[in-house]
Amino acid sequence: MTDEGIETRRVEKLLLPILDGHRRDAGRLVQILRQAQEALGYLPAAALTVIARAVDLPRARVEGVAGFYSFFHQNPVGHYRVLFSDNITDRMLGSAELIDRLCNKLWIERGKVSEDGLVSVDTTSCTGMCDQGPALLVNGRALTRLSAERVDRISELIRGQVPLADWPPDYFVVADNIRRRDALLNTQWPAGEALQAAIARGAEAMLSEMKLSNLRGRGGAGFTTHIKWESARRATCRHEPAARYVVCNADEGEPGTFKDRVLLSNYADLLFDGMSVAGITIGAQQGLVYLRGEYAYLLPALRANLERRRQSGLLGPALCGHPDLAFDIDIHLGAGAYVCGEETALLESLEGKRGVPRVRPPFPVSEGYLGQPTVVNNVETLCKAALIAVHGGAWFAGLGTKQSTGSKLLSISGDVESPGIYEYPFGVSVAQVLNDCGAGNAQAVQVSGPSGNCLAMHEFSRHIAFEDVPTAGAFMVFGAHRDMFEVARNFAHFFAHESCGFCTPCRVGTSLVANCMDKIANGLGSQYDIGEIFKIHRLLHAASHCGLGQAACNPLFDTLNKFRPAYERRLRSLDFEPAFDLDQALASARQMTGRDDPAAHFGLAARVTGVEP
Amino acid sequence: MDTAVPSRKLRLATTSLAGCFGCHMSFLDIDERLLELVERVDFDRSPLTDIKTCGPCDIGLIEGGVCNAENIHVLRDFRRHCKVLIAIGACAVNGGLPAQRNHLDLGLCLQEVYLTAPGNVGRQIPNDPELPLPLDKVHPIHEVVRIDYFIPGCPPAGDAIWKFLTDLLEGRTPRLGHPLLHFD
């Protein structure tokens, strides 16, 4: 037998239980790859071959999926894989110095695996710990509140090859930091309270209450929830056997957002109640939570909760003792792809595919998960639905503003005294929020993350509501001493990294913008480059396939309009400068030819001799 | 107020940098329309006139990317003298075929070609000051100077070039729709 054959046999033996655990279902490919990677440390070629054969997919499809998600690796990444969260808030707390410090201590280069295969250190997009950063993930586990001392200790633990289970437990503590409670966070009900209230109301009455509440989605888009529910309930199932689904979008990837993290750790029963309420209202028997990979540490508690609910009859057949009702919930883990927060990309990922957004219509309410009618709601939206089941729609509509009823959780981070979760009724002013969180000297607030709005001081009297400043929850505060150009540059690189690559405007455009920002940062920019950014902004807005590309230039557009001097002071000229050093570009040829005459130079030396004006 | 388009003859310069002159050949494919064109423009520096230096112009057409020091001098000269500078063809727009060398190290290339390849051992890398030094990488021209318009294609069809130039001459923002601009 060939070496390759022996390797395949070995991998096969390790993977068989995982494959069987997922019924060799191609629809569970992302979950299979996650577990395979856990078992093998990475995804070697032999593993992809074995998996492809088992789930009966072309191998290229499996490799395509493995290549899509940033937490899947087809090459060894070290026994310890350290990923620093690279959100601007982490950087503001000194993450860059800590990365260098750890790399120095470990004698490794960032992004490369140590020669002994022990460790690699790199960065990843925001891990949702902005209120307690700088943060990192080590083998998928979240560590918070990093300091020089902690980083030194971590380097010792790694060099001593101490298993993660034996690391100091306080490194892994994730604080909730709930600072202001309102309608939602004040709720402390036993599991099933909202579900039983909804069962008592009946599906049609529950829908009327949802309509009365005028609840709008809390994930960013603000679509009216009852319209989704009603459409999914009335939609015809296109495939046999008929089925409808409730999907909870817990892929909280927008940099600066961490409210769902707190809801999932403290209000899971309210969420599962909300999902069950949605289930019995639209006639679904299966719910799915799509949990972002960064929050994998929440999985054991969430699974235990689901099991508890099953045992007490709050999940499964004969829901709450009603033989005609049934609903169960499964949890899928993401694998590091911001774009999967977009609902159709999320559905693709749930089906085990690359997270590429679908063409809409058809919308998920008519053809969603597995082509069946599906409601996709944000974690916070579903929790709100649970409140409505108990208190009724009129109560909910009495909170907030006319078009933005109820309350909103804000994830506040950056230059504030008390970062954390703040719940306000919609309509609160930005100034009020800044005052409450202790933002003494703010010059800007990035509301709703990089794809949202950057507000400058003169806009702090505006209000958080769909009528004025809509938000998915992120609220990053920048003090007067911060460089807003660097903030925008961080966001530009975020989008370039997270573009799914499917459509050309976004794939190429986000990289062009990031390069443009680097050029300006290197002191080689000109007004021309600023013009280019505006041009690409218009193009991305008009031509991108999904919201990621459409929003990718928003932070640049906003900061260019409101903080233009932060860009202009970096410009070299008002005309145009190349991004590379012309004279340096001749250095190699000069060396090989031994020439040093004026024609072998650009710049100062040549200028003196009059060759180059 | 006179609302007619000014009838002054415009000056047009063209050149090829790291290109194959294919775009210029395609330019000649406008055939008899070339006569119509010379009614409306005077040619400055161009392979068609054999004028070697560029004077003040309205329009500059650049074929080819930037691969050596001379390319940069010529390109900068065009930028200084032309009100509107246009990148024509895949090499000017993206670096094109010559940019295929960008993944190779220039020093190793020169060494291989002039020093170590069979038959070359003991010779030297040409170092005459009259020869322009190659850059370490080939760049599209918009990475070296500001460019106003781009005509993609390898080469762009004569009809596309004609449409582009007539748009420009008549004061319309040049626009190549399908089928003049297509990707298959």
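Helices in these legends are DSSP runs of H or I with at least four residues, strands are runs of E with at least two, and both are numbered from the N terminus. Please keep in mind throughout that this is a predicted model.

**Figure 1. The end of chain B, with a cis bond at B:Pro179.** B:Pro179 belongs to the segment that follows α6 (158–169) of chain B. The peptide bond that links B:His178 to B:Pro179 is cis, and its omega is about 5 degrees.

**Figure 2. Chain B, element by element.** Chain B contains 6 helices and 7 strands. Reading from the N terminus, their order is β-α-α-β-β-β-α-β-α-α-β-β-α. The C-alpha trace of chain B spans about 70 × 40 × 30 Å along its principal axes. Of the 184 residues in chain B, 38% are buried. If you count contacts in chain B between residues at least 6 apart in sequence, 77% of them connect residues at least 24 apart.

**Figure 3. Where chain B meets chain A.** Here 20 residues of chain A are in contact with 19 residues of chain B. On the chain B side, at least two residues each come from α3 (69–81), α5 (106–116) and β6 (134–139). By class, this side of chain B has 12 nonpolar, 3 polar and 4 charged residues.

**Figure 4. Helices α12 and α15 of chain A.** Helix α15 (residues 379–391) of chain A packs against α12(A) at an angle of about 75 degrees, and the two axes are 7 Å apart. That angle makes α12(A) roughly perpendicular to α15(A). From α12(A), the contact draws on A:Leu270, A:Leu271, A:Asp273, A:Gly274, A:Met275, A:Val277 and A:Ala278. Facing them from α15(A) are A:Val379, A:Leu382, A:Cys383, A:Ala385, A:Ala386 and A:Ala389. The contact of these two helices is formed by 11 nonpolar residues, 1 polar and 1 charged.

**Figure 5. Helices α9 and α12 of chain A.** This view turns to α9 (residues 203–213) of chain A, which packs with α12 (residues 268–282) of chain A at about 120 degrees, their axes 8 Å apart. At that angle α9(A) is oblique to α12(A). The two helices cross in a left-handed sense. Look for A:Ala203, A:Met206 and A:Leu207 on α9(A), and for A:Val277, A:Ile280 and A:Thr281 on α12(A), which together make the contact. Of these residues, 5 are nonpolar, 1 is polar and none is charged.

**Figure 6. Helices α8 and α15 of chain A.** Helix α8 (residues 193–201) of chain A and α15(A) cross at roughly 55 degrees, with axes that come within 8 Å. This makes α8(A) oblique to α15(A), and the crossing is left-handed. A:Glu193, A:Ala194, A:Ala197 and A:Ala198 of α8(A) meet A:Ala386, A:Ala389 and A:Val390 of α15(A). The contact counts 6 nonpolar residues, no polar ones and 1 charged.

**Figure 7. A:Cys383 in the largest nonpolar core.** The largest nonpolar core has 177 residues. Those with the most contacts inside it are A:Cys383, A:Ile51, A:Val247, A:Leu271, A:Val277 and A:Val513. Setting aside neighbours within four places in sequence, A:Cys383 is in contact with A:Leu184, A:Leu263, A:Tyr267, A:Leu270, A:Leu271 and A:Gly274. A second, separate core holds 52 residues, including B:Cys57, B:Leu61, B:Ile62 and B:Ile72.

**Figure 8. A:Leu325, in a loop between two strands.** A:Leu325 sits between β8 (316–317) and β9 (326–333) of chain A. A:Leu325 counts as partly exposed because 17 C-beta neighbours lie inside 10 Å. Beyond residues up to four places away in sequence, A:Leu325 touches A:Ile199, A:Ile280 and A:Leu319.

**Figure 9. A:Pro362 and A:Leu370, in the loop between α14 and β10 of chain A.** This loop connects α14 (343–350) and β10 (374–378) and includes A:Pro362. The bond from A:Pro361 to A:Pro362 is cis, with omega near 0 degrees. A:Leu370 lies in the loop between α14 and β10 too, and its phi is near 55 degrees, a positive value in a residue other than glycine. A:Leu370 is partly exposed, with 15 C-beta neighbours inside 10 Å.

**Figure 10. A:Trp107, a residue with positive phi.** Phi of A:Trp107, which is not a glycine, is near 60 degrees. A:Trp107 occupies the loop between α6 (95–106) and β2 (119–124) of chain A. Is A:Trp107 buried or exposed? A:Trp107 is exposed, since 11 other C-beta atoms lie within 10 Å.

Key
Residues are numbered from 1 along each chain as its sequence is written. Chains are lettered from A and ligands numbered from 1 in the order in which they are written. This is a predicted model: local features need pLDDT of at least 70, side-chain atom pairs count only at pLDDT 80 or more; totals for chains, interfaces and linings use all residues. Axes are lines fitted to C-alpha atoms, for helices over the stretch in contact, and angles run from 0 to 180 degrees between N-to-C directions. Angles under 35 degrees count as roughly parallel, over 145 as roughly antiparallel, 65 to 115 as roughly perpendicular and the rest as oblique. A crossing is left-handed if the near helix is turned anticlockwise from the far one by less than a right angle, and right-handed if clockwise. Two residues are in contact if their C-beta atoms, placed from the backbone, lie within 7 Å. Ala, Val, Leu, Ile, Met, Phe, Trp, Tyr, Cys and Pro count as nonpolar, Asp, Glu, Lys and Arg as charged, and the others, Gly among them, as polar. A nonpolar core is a set of buried Ala, Val, Leu, Ile, Met, Phe, Trp, Tyr and Cys residues joined through C-beta atoms within 7 Å. A residue is buried if 20 or more other C-beta atoms lie within 10 Å of its own, exposed if 12 or fewer, and partly exposed in between; C-beta atoms are placed from the backbone.
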